[in-house]
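Here's a walk through the fold, taken one piece at a time. Have the viewer open and follow along.

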Amino acid sequence: MTLKPTTGNADLRQLAVETWGRPLASSSLAALWRCPCCQRNTHSIMMVAADQFRCLGQCRIAGGLLELETLITASAEHVPDDVLVEIGA
Ligand SMILES: [Zn+2]
């Protein structure tokens, strides 16, 4: 696995959009996606802000850009193909 150099102005939300599509909900501060680490049937939510992310569900994974890139790389083999659940914007 090759790690990309961390750039100071990278927005984690942009990376998340490119990986998981549009967020379930978003504000100016943070956006929400289904947590890719939790069991699907728990419908756990991951909150992603510009420079950090955090699972609000069971797995409690959290970190910054490096951790998010690692997470995406690790979860790329089993991309969820179910329909995202709308929770309202
Ligand atoms: Zn989780």
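In which segment is Asp11 found? Asp11 sits in the segment before helix 1; helices (H or I, at least four residues) and strands (E, at least two) are DSSP runs, numbered from the N terminus. Before going on, note that this is a predicted model: local features need pLDDT of at least 70, side-chain atom pairs count only at pLDDT 80 or more, and totals for chains, interfaces and linings use all residues. Residues are numbered from 1 along each chain as its sequence is written.

Asp11 counts as partly exposed because it has 13 C-beta neighbours inside 10 Å. (Buried takes 20 or more other C-beta atoms within 10 Å, exposed 12 or fewer, partly exposed lies in between, and C-beta atoms are placed from the backbone.) Its C-alpha is 7.7 Å from that of Ala49, a residue 38 places away along the chain.

Strand 4 (residues 53-55) runs antiparallel to strand 5, joined by 2 bridges, and Arg54 stands opposite Ala62 in strand 5.

On to the largest nonpolar core, which has 10 residues, among them Leu12, Trp33, Met46 and Leu71. Such a core is a set of buried Ala, Val, Leu, Ile, Met, Phe, Trp, Tyr and Cys residues joined through C-beta atoms within 7 Å. Helix 1 (12-20), strand 2 (30-34), strand 3 (45-49) and helix 2 (65-75) each give two or more residues to this core.

Key: Two strands pair if DSSP finds at least two bridges between them.
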